[in-house]
Amino acid sequence: TYVISEPCVDLKDKACIEECPVDCIYEGKRSLYIHPDECVDCGACEPVCPVEAIYYEDDVPEQWSEYYKANVEFFDGIGSPGGAAQTGPIDKDHPVIAALPLRVH
Ligand code: F3S
Ligand code: F3S
């Protein structure tokens, strides 16, 4: 799966959403999250993020290593909705993201 990491927090550019063929990039309050079971690893989202927040799971920079878990655990209790457009924004963040101070871009 691909992972959205810290540069997305409080920015949410959303260019990535337009590229995803399976609509598996979901919106939380302060960040977007890639669904680990729905992502088909096409990689289309990665180059379009203007702040390079998106990485293949094996390539997430060390300082953001907890973002793999954050993307996976965000969907605890949500399951696999099968499409972000129909789900709409989700009114929560993973605790790792929720605990961050406001990021000014
Ligand atoms: Fe976030 Fe980059 Fe997408 S800032 S919403 S991961 S384009
Ligand atoms: Fe979509 Fe990116 Fe995965 S475009 S299928 S979230 S690699």
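Helices (H or I, at least four residues) and strands (E, at least two) are DSSP runs, numbered from the N terminus. This is a predicted model, in which local features need pLDDT of at least 70, side-chain atom pairs count only at pLDDT 80 or more, and totals for chains, interfaces and linings use all residues. Residues are numbered from 1 along each chain as its sequence is written, while chains are lettered from A and ligands numbered from 1 in the order in which they are written.

**View 1. Glutamate 52 in the loop between β3 (32-34) and β4 (54-56).** Glutamate 52 is not a glycine, yet has a positive phi of about 50°. Most residues other than glycine have a negative phi. Glutamate 52 is exposed because 12 other C-beta atoms lie within 10 Å (buried: 20 or more other C-beta atoms within 10 Å of its own; exposed: 12 or fewer; partly exposed: in between; C-beta atoms are placed from the backbone).

**View 2. Aspartate 10 in the loop between β1 (2-4) and α1 (15-19).** Aspartate 10, also not a glycine, has a positive phi of about 65°. Aspartate 10 counts as partly exposed because it has 16 C-beta neighbours inside 10 Å.

**View 3. Proline 101 in the segment after α4 (95-98).** Proline 101 has 7 C-beta neighbours inside 10 Å and so counts as exposed. Its C-alpha atom is separated by 9.9 Å from that of valine 9, 92 residues apart along the chain.
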